[in-house]
Amino acid sequence: MAIDLTNSQRNNPPDYGDPKPSYFISYSRRDRVAVEKIHKEVQKSSQGVKIWFDEGIKPGELFSPKIQEKIDECSTMLFLTSKNSVKSRYCLREIILAENKGKKIVPLRLNSEVELPEGELPLQIQGVQYINF
């Protein structure tokens with residue numbers, strides 16, 4: 001089941017009761033352009049919303065501790081669902097960590113014209129309401 005959002009709805013994500021919602025974006029590096037666009041739109045139009053993806057991790061820096069820290073800090077994980085991300089072992093690890101930490105996981109389907117069979121999605125998000133982006 002999908003939800004199609006207007007630009008206003010995309011730019012003002014729900015806070016699910018958190019005073020200052022924060023989002024962790026899990027994605028495949030092959031979908032980086034889409035992530036940057038989402039990040040820019042949300043930052044431009046949503047006051048008080050924190051959104052994080054792996055930009056700013058310096059070359060040579062261990063990224064696993066930073067990823068774990070940011071998942072700990074977030075209120076919600078946004079999983080950018082694409083043919084690339086559902087095959088990524090890093091994305092799967094991030095989803096498992098978020099689930100183990102009790103985080104809400106919201107799938108964002110990047111290309112609504114590409115249908116991903118339910119069986120190709122990570123088990124943790126099968127049957128979860130997603131957002132077409």
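Trainee: Among contacts in the protein chain between residues at least 6 apart in sequence, what percentage join residues at least 24 apart?
Mentor: The figure is 70% for the protein chain, where a contact means heavy atoms within 4.5 Å. The model is predicted, so to speak of local features requires pLDDT of at least 70, side-chain atom pairs count only at pLDDT 80 or more, and totals for chains, interfaces and linings use all residues. Residues are numbered from 1 along each chain as its sequence is written, and side-chain values use heavy atoms, with hydrogens and water left out.

Trainee: How many helices and strands does the protein chain have?
Mentor: There are four helices and six strands in the protein chain. Both are DSSP runs numbered from the N terminus: H or I over at least four residues for helices, E over at least two for strands.

Trainee: And in what order do the elements run from the N terminus on?
Mentor: The order in the protein chain is β-α-β-α-β-α-β-α-β-β.

Trainee: What share of the residues count as buried?
Mentor: Of the 133 residues in the protein chain, 41% are buried. Buried stands for under 20% relative accessible area, exposed for over 50%, and partly exposed for values in between, with a 1.4 Å probe and protein chains only.

Trainee: Let us turn to D54. Where is D54 placed?
Mentor: D54 belongs to the loop between β3 (50–52) and α3 (63–73).

Trainee: Is D54 buried or exposed, and why?
Mentor: D54 counts as buried because its relative accessibility is 19%.

Trainee: Which side chains have a polar contact with that of D54?
Mentor: The side chain of Y27 makes one with D54, at 2.4 Å, and that of R32 makes another, at 3.1 Å. A polar contact is a pair of N or O atoms within 3.5 Å; within protein, one atom must be able to donate a hydrogen and the other to accept it, and residues adjacent in sequence count only if both atoms are side-chain atoms.

Trainee: Which residues does D54 touch, not counting residues up to four places away in sequence?
Mentor: With that exclusion, D54 touches Y27, R29, R32 and I67.

Trainee: Moving to the helices, at what angle do α3 and α4 pack?
Mentor: Helix α4 covers residues 89–100, and α3 packs with α4 at about 40°, their axes being 10 Å apart. Axes are lines fitted to C-alpha atoms, for helices over the stretch in contact, and angles run from 0 to 180 degrees between N-to-C directions.

Trainee: Are α3 and α4 parallel or oblique to each other?
Mentor: They are oblique. Under 35 degrees counts as roughly parallel, over 145 as roughly antiparallel, 65 to 115 as roughly perpendicular, and the rest as oblique.

Trainee: Which residues of α3 and α4 meet?
Mentor: From α3, F63, I67, Q68 and I71 meet Y90, E94, L97 and A98 of α4.

Trainee: What does the side chain of S85 reach, and which residues does S85 touch?
Mentor: The S85 side chain reaches the backbone nitrogen of S82 at 2.9 Å. Leaving out residues up to four places away in sequence, S85 touches S28, D31, F79, L80 and C91.

Trainee: On cysteines, how many disulfides does a search of the whole structure find?
Mentor: The search finds zero, a disulfide being a pair of cysteine sulfur atoms within 2.5 Å. C91 is buried, with a relative accessible area of 1%, and C74 counts as buried at 5%.

Trainee: Where is C74, by the way?
Mentor: C74 occupies the loop between α3 and β4. Not counting residues up to four places away in sequence, C74 touches S22, Y23, F24 and K103.
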